[in-house]
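Happy to walk through this one with you.

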Amino acid sequence: MTTKYPIQPEEIGSQPKRNYLKESDTRSKLIDPLLYSVGWEEDLISREYPVSAGRIEVIGTTSRRAPGKKADYVLRVSPWGTPLAVVEAKEELKSATHGLHQAKEYAKKLSVSFAYSTNGRKIEEFDFTTNTQTECKSFPTPATLKERFFKTKLSNLPKPEEAEKIWQGQYYHSPDFSLRHYQEAAIQNTIQAITQNKKRILLALATGTGKTVIAFNLTWRLVKSGYFKRVLFISDRNFLSNQAYNVFGPFGEARVKIEEGRAPKHRDIYFGIYQALYSLSSSGKRLFEEYPADFFDLIIIDECHRSGFGTWKEILKHFSSAVHLGMTATPKRADNINTYQYFGDPVYTYSYGQGVQDGYLAPFIVHRILTDIDQKGQLEIAEAKSKGAEIIYSEDTEVKDIYSQKEFERTITLPDRTKEIAKHLAKLLKTFDPMAKTMVFCVDSDHAEAMAKELQNEFADLGFDNFAVPIIARTGDIKEADYERFRDSEKSTPVIATTVDLLTTGVDVPSVRNVVLIKPISSKIVFKQIIGRGARLDPLTNKNFFRIIDYIGATRLFDDWEKIPEPKPEEPEGEAKFKINGVVLD
(Lines give C-alpha, C1' and ligand atoms only; values in the text may rest on other atoms or scores of the structure.)
Protein backbone atom coordinates (compact mmCIF):
# COMPACT_ATOMS: atom_id res chain seq x y z
CA MET A 1 0.00 0.00 0.00
CA THR A 2 1.28 3.46 -0.86
CA THR A 3 0.45 6.19 1.64
CA LYS A 4 0.56 9.86 0.63
CA TYR A 5 1.74 12.12 3.39
CA PRO A 6 0.83 15.82 3.42
CA ILE A 7 4.25 16.55 5.01
CA GLN A 8 7.66 15.63 3.64
CA PRO A 9 8.39 11.96 4.44
CA GLU A 10 12.01 12.68 5.32
CA GLU A 11 10.82 15.08 8.02
CA ILE A 12 8.94 12.28 9.76
CA GLY A 13 11.98 10.11 10.29
CA SER A 14 14.43 12.86 11.12
CA GLN A 15 12.15 14.99 13.34
CA PRO A 16 9.66 12.66 15.04
CA LYS A 17 9.05 15.05 17.91
CA ARG A 18 8.23 18.04 15.77
CA ASN A 19 5.00 19.87 16.69
CA TYR A 20 3.11 20.21 13.42
CA LEU A 21 1.02 23.34 12.92
CA LYS A 22 -2.66 23.42 13.83
CA GLU A 23 -5.09 25.18 11.50
CA SER A 24 -4.83 28.66 13.03
CA ASP A 25 -1.02 28.55 12.91
CA THR A 26 -1.11 27.07 9.42
CA ARG A 27 -3.05 30.12 8.31
CA SER A 28 -0.80 32.73 9.88
CA LYS A 29 2.58 31.03 9.31
CA LEU A 30 2.11 29.22 6.02
CA ILE A 31 -0.97 30.27 4.06
CA ASP A 32 -0.85 34.05 4.64
CA PRO A 33 2.77 34.23 3.34
CA LEU A 34 1.76 32.14 0.29
CA LEU A 35 -1.05 34.58 -0.53
CA TYR A 36 1.07 37.69 0.13
CA SER A 37 3.93 36.34 -2.00
CA VAL A 38 1.79 36.35 -5.17
CA GLY A 39 0.20 39.76 -4.57
CA TRP A 40 -2.93 39.18 -2.50
CA GLU A 41 -3.00 42.28 -0.36
CA GLU A 42 -5.09 42.43 2.78
CA ASP A 43 -7.84 44.62 1.29
CA LEU A 44 -8.52 41.92 -1.33
CA ILE A 45 -9.10 39.27 1.35
CA SER A 46 -12.20 38.72 3.50
CA ARG A 47 -11.26 36.52 6.43
CA GLU A 48 -13.63 34.13 8.21
CA TYR A 49 -16.47 35.17 5.94
CA PRO A 50 -19.82 33.84 7.30
CA VAL A 51 -21.68 31.44 5.00
CA SER A 52 -24.06 30.38 7.78
CA ALA A 53 -24.98 32.07 11.05
CA GLY A 54 -25.91 28.71 12.59
CA ARG A 55 -29.42 27.31 12.62
CA ILE A 56 -31.63 28.27 15.58
CA GLU A 57 -33.08 25.24 17.32
CA VAL A 58 -36.25 25.68 19.39
CA ILE A 59 -36.23 23.73 22.65
CA GLY A 60 -39.51 24.06 24.52
CA THR A 61 -39.96 27.77 25.14
CA THR A 62 -36.27 28.57 24.64
CA SER A 63 -33.85 28.35 21.74
CA ARG A 64 -30.19 27.83 21.02
CA ARG A 65 -28.05 28.51 17.99
CA ALA A 66 -25.94 25.82 16.36
CA PRO A 67 -22.36 26.76 15.38
CA GLY A 68 -22.12 28.84 12.22
CA LYS A 69 -19.88 28.23 9.23
CA LYS A 70 -17.18 30.54 7.91
CA ALA A 71 -15.00 30.47 4.84
CA ASP A 72 -11.40 30.93 5.98
CA TYR A 73 -10.60 33.28 3.10
CA VAL A 74 -12.61 34.90 0.33
CA LEU A 75 -10.43 36.44 -2.39
CA ARG A 76 -11.95 39.46 -4.16
CA VAL A 77 -11.48 41.27 -7.44
CA SER A 78 -11.22 44.64 -5.63
CA PRO A 79 -11.64 45.86 -2.03
CA TRP A 80 -15.20 44.84 -1.03
CA GLY A 81 -15.76 43.85 -4.64
CA THR A 82 -16.84 40.72 -6.45
CA PRO A 83 -15.68 37.51 -4.75
CA LEU A 84 -13.49 35.34 -6.95
CA ALA A 85 -12.48 32.38 -4.82
CA VAL A 86 -12.91 30.61 -1.50
CA VAL A 87 -9.87 29.21 0.32
CA GLU A 88 -10.20 26.61 3.08
CA ALA A 89 -7.29 26.07 5.43
CA LYS A 90 -6.47 22.76 7.11
CA GLU A 91 -3.83 21.90 9.68
CA GLU A 92 -0.42 20.97 8.37
CA LEU A 93 -0.77 17.24 8.99
CA LYS A 94 -3.96 16.92 6.95
CA SER A 95 -4.05 16.40 3.23
CA ALA A 96 -4.43 19.49 1.07
CA THR A 97 -7.53 17.87 -0.45
CA HIS A 98 -9.17 17.47 2.95
CA GLY A 99 -11.00 20.82 2.85
CA LEU A 100 -11.91 20.86 -0.85
CA HIS A 101 -15.44 19.49 -0.33
CA GLN A 102 -16.05 22.28 2.18
CA ALA A 103 -14.46 24.92 -0.07
CA LYS A 104 -16.68 23.84 -2.98
CA GLU A 105 -19.79 24.00 -0.79
CA TYR A 106 -18.95 27.55 0.31
CA ALA A 107 -18.01 28.58 -3.24
CA LYS A 108 -21.43 27.44 -4.47
CA LYS A 109 -23.15 29.41 -1.72
CA LEU A 110 -21.29 32.53 -2.86
CA SER A 111 -21.63 31.76 -6.60
CA VAL A 112 -17.88 32.02 -7.13
CA SER A 113 -15.88 30.17 -9.77
CA PHE A 114 -12.85 28.91 -7.86
CA ALA A 115 -12.36 26.87 -4.67
CA TYR A 116 -9.05 26.10 -2.95
CA SER A 117 -8.00 23.86 -0.10
CA THR A 118 -4.54 23.94 1.41
CA ASN A 119 -2.52 22.72 4.38
CA GLY A 120 0.13 25.37 3.74
CA ARG A 121 2.37 22.87 1.95
CA LYS A 122 0.22 21.87 -1.00
CA ILE A 123 -2.74 23.56 -2.73
CA GLU A 124 -5.72 21.94 -4.44
CA GLU A 125 -7.91 23.96 -6.82
CA PHE A 126 -11.38 23.27 -8.17
CA ASP A 127 -12.36 25.36 -11.19
CA PHE A 128 -16.15 25.55 -11.64
CA THR A 129 -15.76 27.03 -15.12
CA THR A 130 -14.22 23.74 -16.34
CA ASN A 131 -15.30 21.40 -13.49
CA THR A 132 -11.71 20.24 -13.03
CA GLN A 133 -9.55 19.68 -9.94
CA THR A 134 -5.84 20.46 -10.04
CA GLU A 135 -2.89 20.51 -7.66
CA CYS A 136 -1.22 23.94 -7.76
CA LYS A 137 2.36 24.87 -6.92
CA SER A 138 1.17 28.28 -5.70
CA PHE A 139 -1.94 30.40 -5.51
CA PRO A 140 -2.71 32.33 -8.72
CA THR A 141 -1.91 36.02 -8.64
CA PRO A 142 -4.82 38.49 -8.43
CA ALA A 143 -4.23 39.42 -12.07
CA THR A 144 -4.27 35.79 -13.20
CA LEU A 145 -7.41 34.92 -11.28
CA LYS A 146 -9.16 38.04 -12.56
CA GLU A 147 -8.17 37.19 -16.13
CA ARG A 148 -9.62 33.68 -15.77
CA PHE A 149 -12.76 35.09 -14.15
CA PHE A 150 -13.31 37.75 -16.82
CA LYS A 151 -12.63 35.28 -19.62
CA THR A 152 -15.79 33.46 -18.55
CA LYS A 153 -17.92 36.42 -17.50
CA LEU A 154 -17.18 38.68 -20.45
CA SER A 155 -17.23 36.20 -23.32
CA ASN A 156 -19.81 36.95 -26.01
CA LEU A 157 -21.21 40.00 -24.19
CA PRO A 158 -22.62 42.96 -26.16
CA LYS A 159 -20.66 45.49 -24.03
CA PRO A 160 -17.64 43.68 -22.50
CA GLU A 161 -15.72 46.84 -21.52
CA GLU A 162 -18.67 48.29 -19.62
CA ALA A 163 -19.42 44.90 -18.02
CA GLU A 164 -15.85 44.64 -16.76
CA LYS A 165 -16.31 47.96 -14.95
CA ILE A 166 -19.25 46.52 -13.00
CA TRP A 167 -17.34 43.39 -12.03
CA GLN A 168 -14.37 45.54 -10.97
CA GLY A 169 -16.63 47.75 -8.83
CA GLN A 170 -17.21 47.70 -5.09
CA TYR A 171 -20.21 47.04 -2.90
CA TYR A 172 -21.25 49.72 -0.46
CA HIS A 173 -19.53 48.87 2.80
CA SER A 174 -19.33 50.43 6.25
CA PRO A 175 -18.04 49.23 9.65
CA ASP A 176 -21.58 48.31 10.77
CA PHE A 177 -22.82 46.85 7.48
CA SER A 178 -21.79 44.01 5.21
CA LEU A 179 -23.61 41.74 2.79
CA ARG A 180 -24.56 38.17 3.59
CA HIS A 181 -23.35 35.40 1.29
CA TYR A 182 -26.71 34.86 -0.44
CA GLN A 183 -27.12 38.60 -0.98
CA GLU A 184 -23.77 38.73 -2.76
CA ALA A 185 -24.73 35.68 -4.81
CA ALA A 186 -28.07 37.26 -5.82
CA ILE A 187 -26.31 40.46 -6.91
CA GLN A 188 -23.67 38.57 -8.90
CA ASN A 189 -26.28 36.49 -10.73
CA THR A 190 -28.30 39.63 -11.50
CA ILE A 191 -25.26 41.50 -12.81
CA GLN A 192 -24.44 38.53 -15.01
CA ALA A 193 -27.98 38.56 -16.44
CA ILE A 194 -27.87 42.33 -17.03
CA THR A 195 -24.51 42.19 -18.81
CA GLN A 196 -25.90 39.39 -20.99
CA ASN A 197 -28.52 41.93 -22.10
CA LYS A 198 -31.47 40.23 -20.42
CA LYS A 199 -34.32 42.71 -20.03
CA ARG A 200 -36.59 40.83 -17.62
CA ILE A 201 -34.97 39.44 -14.47
CA LEU A 202 -36.47 37.88 -11.34
CA LEU A 203 -35.14 37.36 -7.81
CA ALA A 204 -37.07 35.05 -5.46
CA LEU A 205 -35.93 35.33 -1.86
CA ALA A 206 -37.94 34.64 1.28
CA THR A 207 -39.35 37.42 3.42
CA GLY A 208 -36.76 38.76 5.85
CA THR A 209 -33.73 38.05 3.67
CA GLY A 210 -33.13 41.70 2.73
CA LYS A 211 -34.30 42.04 -0.87
CA THR A 212 -34.21 45.85 -0.62
CA VAL A 213 -30.60 45.66 0.62
CA ILE A 214 -29.83 43.53 -2.44
CA ALA A 215 -31.55 46.08 -4.70
CA PHE A 216 -29.58 48.92 -3.12
CA ASN A 217 -26.16 47.26 -3.48
CA LEU A 218 -26.94 46.15 -7.02
CA THR A 219 -27.90 49.73 -7.88
CA TRP A 220 -24.76 51.01 -6.15
CA ARG A 221 -22.56 48.81 -8.36
CA LEU A 222 -24.42 49.65 -11.56
CA VAL A 223 -24.60 53.42 -11.03
CA LYS A 224 -21.14 53.91 -9.52
CA SER A 225 -19.58 51.97 -12.40
CA GLY A 226 -21.43 54.15 -14.92
CA TYR A 227 -23.17 51.15 -16.51
CA PHE A 228 -26.59 52.64 -15.70
CA LYS A 229 -27.52 56.27 -15.04
CA ARG A 230 -31.11 56.33 -13.75
CA VAL A 231 -33.02 53.78 -11.69
CA LEU A 232 -36.70 53.69 -10.64
CA PHE A 233 -37.86 51.70 -7.60
CA ILE A 234 -41.62 51.01 -7.80
CA SER A 235 -43.86 49.90 -4.91
CA ASP A 236 -47.60 49.84 -4.44
CA ARG A 237 -47.73 51.44 -0.98
CA ASN A 238 -46.20 54.60 0.41
CA PHE A 239 -44.66 53.02 3.49
CA LEU A 240 -42.88 50.40 1.34
CA SER A 241 -41.52 53.15 -0.88
CA ASN A 242 -40.39 55.10 2.18
CA GLN A 243 -38.61 52.03 3.57
CA ALA A 244 -36.74 51.58 0.30
CA TYR A 245 -35.87 55.28 0.14
CA ASN A 246 -34.26 54.97 3.58
CA VAL A 247 -32.30 51.82 2.68
CA PHE A 248 -30.86 53.69 -0.33
CA GLY A 249 -29.70 56.43 2.07
CA PRO A 250 -25.99 56.32 1.06
CA PHE A 251 -27.00 57.79 -2.33
CA GLY A 252 -27.88 60.98 -0.46
CA GLU A 253 -29.15 63.82 -2.65
CA ALA A 254 -29.09 61.60 -5.72
CA ARG A 255 -32.44 60.18 -4.49
CA VAL A 256 -35.86 61.68 -5.10
CA LYS A 257 -39.49 60.67 -4.54
CA ILE A 258 -42.03 60.88 -7.35
CA GLU A 259 -45.22 62.22 -5.83
CA GLU A 260 -48.59 63.07 -7.32
CA GLY A 261 -48.44 66.15 -9.51
CA ARG A 262 -44.67 66.38 -10.00
CA ALA A 263 -42.18 64.50 -12.14
CA PRO A 264 -38.59 65.37 -11.09
CA LYS A 265 -35.97 64.61 -13.74
CA HIS A 266 -32.57 65.67 -12.42
CA ARG A 267 -31.62 62.87 -10.02
CA ASP A 268 -30.23 59.34 -10.34
CA ILE A 269 -32.44 57.18 -8.10
CA TYR A 270 -36.25 57.58 -8.16
CA PHE A 271 -38.89 56.12 -5.84
CA GLY A 272 -42.58 56.03 -6.64
CA ILE A 273 -45.77 54.11 -6.10
CA TYR A 274 -47.98 52.99 -8.97
CA GLN A 275 -50.83 55.23 -7.79
CA ALA A 276 -48.67 58.38 -7.98
CA LEU A 277 -47.15 57.42 -11.33
CA TYR A 278 -50.62 56.80 -12.73
CA SER A 279 -52.09 60.04 -11.42
CA LEU A 280 -52.80 62.96 -13.77
CA SER A 281 -50.17 65.61 -14.22
CA SER A 282 -50.90 69.32 -14.75
CA SER A 283 -50.66 68.74 -18.52
CA GLY A 284 -53.44 66.16 -18.40
CA LYS A 285 -51.11 63.22 -19.04
CA ARG A 286 -50.51 60.35 -16.68
CA LEU A 287 -47.50 61.28 -14.57
CA PHE A 288 -45.36 58.41 -15.89
CA GLU A 289 -45.93 59.75 -19.41
CA GLU A 290 -44.07 62.93 -18.43
CA TYR A 291 -40.90 60.84 -18.61
CA PRO A 292 -39.44 59.76 -21.97
CA ALA A 293 -39.83 56.02 -22.56
CA ASP A 294 -36.05 55.52 -22.36
CA PHE A 295 -35.56 57.74 -19.28
CA PHE A 296 -34.80 54.87 -16.87
CA ASP A 297 -32.14 52.19 -17.40
CA LEU A 298 -33.38 49.93 -14.62
CA ILE A 299 -36.80 49.55 -12.97
CA ILE A 300 -36.88 47.60 -9.72
CA ILE A 301 -40.38 46.25 -9.03
CA ASP A 302 -40.98 45.53 -5.35
CA GLU A 303 -43.34 42.65 -4.50
CA CYS A 304 -43.74 42.05 -8.22
CA HIS A 305 -46.03 39.05 -7.73
CA ARG A 306 -48.71 41.40 -6.43
CA SER A 307 -48.62 44.33 -8.82
CA GLY A 308 -47.85 45.45 -12.33
CA PHE A 309 -50.24 43.17 -14.23
CA GLY A 310 -53.51 45.08 -13.95
CA THR A 311 -54.03 48.79 -14.46
CA TRP A 312 -50.38 49.46 -13.67
CA LYS A 313 -49.14 47.41 -16.60
CA GLU A 314 -49.29 50.56 -18.72
CA ILE A 315 -46.45 51.99 -16.63
CA LEU A 316 -44.18 49.00 -17.22
CA LYS A 317 -45.12 48.95 -20.90
CA HIS A 318 -44.20 52.65 -21.26
CA PHE A 319 -40.70 51.93 -19.89
CA SER A 320 -40.34 48.64 -21.77
CA SER A 321 -36.81 49.40 -23.02
CA ALA A 322 -35.46 49.45 -19.44
CA VAL A 323 -34.27 46.38 -17.58
CA HIS A 324 -37.13 45.25 -15.33
CA LEU A 325 -35.97 43.53 -12.13
CA GLY A 326 -38.78 41.86 -10.20
CA MET A 327 -38.40 40.94 -6.54
CA THR A 328 -40.70 38.38 -4.94
CA ALA A 329 -40.85 36.33 -1.74
CA THR A 330 -42.75 33.43 -3.29
CA PRO A 331 -41.85 30.57 -5.64
CA LYS A 332 -43.73 29.79 -8.82
CA ARG A 333 -47.38 28.88 -8.21
CA ALA A 334 -50.56 28.65 -10.26
CA ASP A 335 -51.80 31.95 -8.82
CA ASN A 336 -48.66 33.96 -9.69
CA ILE A 337 -48.06 32.45 -13.12
CA ASN A 338 -48.23 35.90 -14.74
CA THR A 339 -45.16 36.96 -12.79
CA TYR A 340 -43.09 34.06 -14.07
CA GLN A 341 -44.37 34.41 -17.62
CA TYR A 342 -43.29 38.06 -17.59
CA PHE A 343 -39.87 37.69 -15.95
CA GLY A 344 -38.94 34.07 -16.61
CA ASP A 345 -37.34 31.80 -14.03
CA PRO A 346 -35.47 33.48 -11.15
CA VAL A 347 -31.76 34.08 -11.61
CA TYR A 348 -31.42 33.40 -7.89
CA THR A 349 -33.67 31.68 -5.33
CA TYR A 350 -33.31 31.53 -1.55
CA SER A 351 -36.19 29.84 0.27
CA TYR A 352 -37.52 30.32 3.78
CA GLY A 353 -36.33 26.81 4.69
CA GLN A 354 -32.80 27.61 3.51
CA GLY A 355 -32.83 30.86 5.50
CA VAL A 356 -33.75 28.95 8.66
CA GLN A 357 -31.12 26.29 7.94
CA ASP A 358 -28.46 29.01 7.59
CA GLY A 359 -29.64 30.78 10.75
CA TYR A 360 -30.73 34.04 9.11
CA LEU A 361 -34.48 33.51 9.56
CA ALA A 362 -36.54 32.54 12.60
CA PRO A 363 -38.05 29.04 12.84
CA PHE A 364 -41.66 28.66 13.96
CA ILE A 365 -43.91 26.60 16.23
CA VAL A 366 -47.43 25.84 14.98
CA HIS A 367 -50.55 25.86 17.18
CA ARG A 368 -53.68 24.59 15.37
CA ILE A 369 -57.03 25.39 16.98
CA LEU A 370 -60.47 25.06 15.36
CA THR A 371 -63.82 26.12 16.76
CA ASP A 372 -66.69 23.66 16.36
CA ILE A 373 -68.04 25.37 13.25
CA ASP A 374 -64.55 25.81 11.75
CA GLN A 375 -63.86 22.14 12.29
CA LYS A 376 -67.13 21.39 10.52
CA GLY A 377 -66.28 23.87 7.78
CA GLN A 378 -69.78 25.27 7.65
CA LEU A 379 -72.59 26.80 9.70
CA GLU A 380 -76.12 25.42 9.64
CA ILE A 381 -78.37 28.39 10.34
CA ALA A 382 -81.23 26.46 11.96
CA GLU A 383 -78.88 24.69 14.35
CA ALA A 384 -77.03 27.92 15.19
CA LYS A 385 -80.24 29.80 15.91
CA SER A 386 -81.51 26.97 18.11
CA LYS A 387 -78.44 27.51 20.27
CA GLY A 388 -79.05 31.26 20.44
CA ALA A 389 -76.14 32.26 18.16
CA GLU A 390 -76.17 35.81 16.84
CA ILE A 391 -75.91 36.03 13.06
CA ILE A 392 -75.63 39.29 11.12
CA TYR A 393 -76.23 39.14 7.38
CA SER A 394 -74.31 41.43 5.05
CA GLU A 395 -76.29 43.83 2.93
CA ASP A 396 -77.91 42.23 -0.14
CA THR A 397 -76.97 38.74 1.09
CA GLU A 398 -79.09 35.89 -0.15
CA VAL A 399 -80.29 34.03 2.93
CA LYS A 400 -79.33 30.33 2.80
CA ASP A 401 -79.63 27.34 5.11
CA ILE A 402 -75.89 26.66 5.21
CA TYR A 403 -72.83 28.93 4.92
CA SER A 404 -69.25 27.71 4.34
CA GLN A 405 -66.23 28.82 6.35
CA LYS A 406 -65.00 31.11 3.57
CA GLU A 407 -68.24 33.12 3.94
CA PHE A 408 -67.70 33.79 7.67
CA GLU A 409 -67.20 37.53 8.30
CA ARG A 410 -67.81 38.21 4.60
CA THR A 411 -71.36 37.13 3.87
CA ILE A 412 -72.39 36.64 7.49
CA THR A 413 -70.89 38.05 10.67
CA LEU A 414 -70.66 35.85 13.76
CA PRO A 415 -69.97 38.02 16.83
CA ASP A 416 -69.98 35.01 19.16
CA ARG A 417 -67.25 33.29 17.14
CA THR A 418 -65.15 36.45 17.19
CA LYS A 419 -65.53 36.72 20.98
CA GLU A 420 -64.69 33.07 21.57
CA ILE A 421 -61.60 33.20 19.40
CA ALA A 422 -60.50 36.43 21.11
CA LYS A 423 -60.92 34.80 24.56
CA HIS A 424 -59.00 31.70 23.51
CA LEU A 425 -56.25 33.76 21.87
CA ALA A 426 -55.94 36.02 24.93
CA LYS A 427 -55.55 32.95 27.14
CA LEU A 428 -52.76 31.61 24.88
CA LEU A 429 -50.95 34.95 24.70
CA LYS A 430 -51.08 35.35 28.48
CA THR A 431 -49.49 31.92 28.78
CA PHE A 432 -46.74 32.63 26.25
CA ASP A 433 -46.01 36.30 26.97
CA PRO A 434 -48.78 38.93 27.16
CA MET A 435 -46.43 41.66 25.89
CA ALA A 436 -45.20 39.75 22.82
CA LYS A 437 -45.91 41.61 19.56
CA THR A 438 -48.72 39.84 17.67
CA MET A 439 -50.27 40.19 14.21
CA VAL A 440 -53.84 38.96 13.76
CA PHE A 441 -54.98 38.49 10.14
CA CYS A 442 -58.73 39.03 9.76
CA VAL A 443 -61.27 38.73 6.96
CA ASP A 444 -62.03 42.43 6.38
CA SER A 445 -61.77 45.83 8.05
CA ASP A 446 -64.95 45.33 10.11
CA HIS A 447 -63.66 41.99 11.36
CA ALA A 448 -60.26 43.52 12.20
CA GLU A 449 -61.91 46.32 14.19
CA ALA A 450 -64.17 43.86 16.02
CA MET A 451 -61.23 41.61 16.91
CA ALA A 452 -59.15 44.60 18.10
CA LYS A 453 -62.02 45.64 20.35
CA GLU A 454 -62.37 42.18 21.89
CA LEU A 455 -58.62 41.78 22.45
CA GLN A 456 -58.29 45.30 23.88
CA ASN A 457 -60.98 44.40 26.43
CA GLU A 458 -59.33 41.06 27.24
CA PHE A 459 -56.10 42.87 28.20
CA ALA A 460 -57.67 46.02 29.66
CA ASP A 461 -56.29 45.21 33.12
CA LEU A 462 -52.73 45.80 31.87
CA GLY A 463 -53.49 49.53 31.74
CA PHE A 464 -52.82 50.38 28.07
CA ASP A 465 -55.36 52.27 25.97
CA ASN A 466 -53.70 51.06 22.74
CA PHE A 467 -52.85 47.46 23.61
CA ALA A 468 -54.72 46.16 20.52
CA VAL A 469 -55.29 48.35 17.44
CA PRO A 470 -56.57 47.76 13.91
CA ILE A 471 -53.94 48.61 11.29
CA ILE A 472 -56.08 48.76 8.18
CA ALA A 473 -56.69 51.04 5.21
CA ARG A 474 -60.36 51.61 4.52
CA THR A 475 -59.29 54.37 2.14
CA GLY A 476 -55.87 55.53 1.13
CA ASP A 477 -52.72 54.35 2.87
CA ILE A 478 -51.84 52.92 6.25
CA LYS A 479 -52.36 54.79 9.52
CA GLU A 480 -48.70 55.67 9.95
CA ALA A 481 -48.65 56.44 13.70
CA ASP A 482 -49.95 53.02 14.82
CA TYR A 483 -47.81 51.22 12.25
CA GLU A 484 -44.62 53.06 13.21
CA ARG A 485 -45.16 52.39 16.92
CA PHE A 486 -46.00 48.74 16.28
CA ARG A 487 -42.91 48.10 14.14
CA ASP A 488 -40.56 49.84 16.61
CA SER A 489 -38.94 47.15 18.78
CA GLU A 490 -38.35 49.69 21.54
CA LYS A 491 -42.04 50.69 21.79
CA SER A 492 -44.04 48.43 24.09
CA THR A 493 -47.43 49.25 22.56
CA PRO A 494 -49.40 48.54 20.45
CA VAL A 495 -48.83 44.89 21.35
CA ILE A 496 -51.48 43.44 19.03
CA ALA A 497 -52.19 44.64 15.50
CA THR A 498 -55.29 43.32 13.76
CA THR A 499 -55.17 43.67 10.00
CA VAL A 500 -56.47 42.33 6.70
CA ASP A 501 -53.96 42.59 3.82
CA LEU A 502 -52.03 45.72 4.71
CA LEU A 503 -49.35 43.97 6.77
CA THR A 504 -49.17 40.92 4.49
CA THR A 505 -46.09 41.85 2.45
CA GLY A 506 -43.08 44.12 2.64
CA VAL A 507 -43.72 45.24 6.21
CA ASP A 508 -40.69 45.02 8.46
CA VAL A 509 -41.70 44.28 12.08
CA PRO A 510 -38.84 42.10 13.37
CA SER A 511 -40.20 41.82 16.92
CA VAL A 512 -43.41 39.96 15.94
CA ARG A 513 -43.54 36.70 17.90
CA ASN A 514 -47.08 35.57 17.09
CA VAL A 515 -48.78 35.39 13.70
CA VAL A 516 -52.49 34.62 14.13
CA LEU A 517 -54.68 33.38 11.25
CA ILE A 518 -58.45 33.94 11.46
CA LYS A 519 -58.82 34.69 7.76
CA PRO A 520 -59.58 31.77 5.42
CA ILE A 521 -56.68 31.36 3.00
CA SER A 522 -56.59 29.25 -0.14
CA SER A 523 -53.59 30.85 -1.87
CA LYS A 524 -50.15 29.49 -1.01
CA ILE A 525 -48.68 32.82 -2.05
CA VAL A 526 -50.77 34.78 0.46
CA PHE A 527 -50.04 32.17 3.13
CA LYS A 528 -46.28 32.45 2.60
CA GLN A 529 -46.44 36.24 2.66
CA ILE A 530 -48.35 36.20 5.95
CA ILE A 531 -46.15 33.76 7.83
CA GLY A 532 -43.16 35.69 6.52
CA ARG A 533 -44.17 38.49 8.91
CA GLY A 534 -42.69 36.48 11.76
CA ALA A 535 -39.58 35.28 9.93
CA ARG A 536 -37.23 38.08 10.91
CA LEU A 537 -34.87 37.76 13.85
CA ASP A 538 -34.76 40.63 16.31
CA PRO A 539 -31.65 40.96 18.50
CA LEU A 540 -33.16 44.00 20.27
CA THR A 541 -35.92 41.89 21.83
CA ASN A 542 -34.00 38.60 21.76
CA LYS A 543 -36.55 37.10 19.36
CA ASN A 544 -35.22 33.88 17.83
CA PHE A 545 -38.44 32.07 16.83
CA PHE A 546 -42.14 32.77 16.39
CA ARG A 547 -45.49 31.06 16.70
CA ILE A 548 -48.16 30.52 14.06
CA ILE A 549 -51.57 30.32 15.73
CA ASP A 550 -53.98 28.88 13.16
CA TYR A 551 -57.75 29.05 13.72
CA ILE A 552 -58.79 28.27 10.16
CA GLY A 553 -56.59 25.38 9.00
CA ALA A 554 -54.35 27.48 6.75
CA THR A 555 -51.17 25.65 7.78
CA ARG A 556 -52.21 22.85 5.42
CA LEU A 557 -50.55 25.06 2.79
CA PHE A 558 -46.98 24.42 3.94
CA ASP A 559 -44.74 22.98 1.20
CA ASP A 560 -41.09 22.65 0.18
CA TRP A 561 -40.52 26.43 0.34
CA GLU A 562 -40.75 26.16 4.15
CA LYS A 563 -38.94 22.82 4.36
CA ILE A 564 -35.62 23.09 6.15
CA PRO A 565 -32.91 21.21 4.21
CA GLU A 566 -31.00 18.55 6.09
CA PRO A 567 -27.38 19.60 6.59
CA LYS A 568 -25.03 18.02 4.07
CA PRO A 569 -22.61 15.53 5.62
CA GLU A 570 -19.03 16.65 5.80
CA GLU A 571 -16.48 14.81 3.68
CA PRO A 572 -15.59 11.55 5.46
CA GLU A 573 -12.53 11.74 7.67
CA GLY A 574 -11.30 8.29 6.59
CA GLU A 575 -11.26 5.35 8.94
CA ALA A 576 -7.65 4.26 8.55
CA LYS A 577 -5.07 5.88 10.81
CA PHE A 578 -1.34 5.26 10.52
CA LYS A 579 1.22 5.93 13.21
CA ILE A 580 4.86 6.45 12.22
CA ASN A 581 7.43 7.37 14.87
CA GLY A 582 4.70 8.56 17.19
CA VAL A 583 3.14 10.94 14.60
CA VAL A 584 -0.53 10.22 13.75
CA LEU A 585 -1.28 10.62 10.05
CA ASP A 586 -4.57 10.42 8.13
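Q: What makes Lys 109 and Asp 358 a salt bridge?
A: In this predicted model, the closest N and O atoms of Lys 109 and Asp 358 are 3.0 Å apart. The cut-off is 4 Å between a side-chain nitrogen of Lys or Arg and a carboxyl oxygen of Asp or Glu, so the name applies. The pair links distant parts of the chain, with Lys 109 in helix α3 and Asp 358 in helix α12, 249 residues apart.

Q: Why is Arg 27 called buried?
A: Its relative accessibility is 18%, and buried means under 20%, so Arg 27 counts as buried.

Q: Which label does Glu 48 get, and why?
A: Glu 48 has 41% relative accessibility, so it counts as partly exposed; that class runs between the 20% and 50% limits.

Q: What do Arg 27 and Glu 48 tie together?
A: These two form a salt bridge, with their closest N and O atoms 3.4 Å apart. Arg 27 sits in helix α2 and Glu 48 in strand β1, so the pair joins parts 21 residues apart in sequence. Both belong to a salt-bridge network that also includes Glu 23 and Asp 72.

Q: How do you know that Arg 487 and Glu 484 are separated by about one helical turn?
A: Both lie in helix α17, 3 residues apart, which means a separation of about one turn. Arg 487 is partly exposed at 24%, and Glu 484 is partly exposed at 35%.

Notes. Residues numbered from 1 in each chain as written. Predicted model: local features only at pLDDT ≥ 70, side-chain atom pairs only at ≥ 80, totals over all residues. Heavy atoms only, no water. Helix = DSSP H or I, 4+ residues; strand = E, 2+ residues; numbered from the N terminus. Buried < 20%, exposed > 50% of the residue type's maximum accessible area, 1.4 Å probe, protein only.
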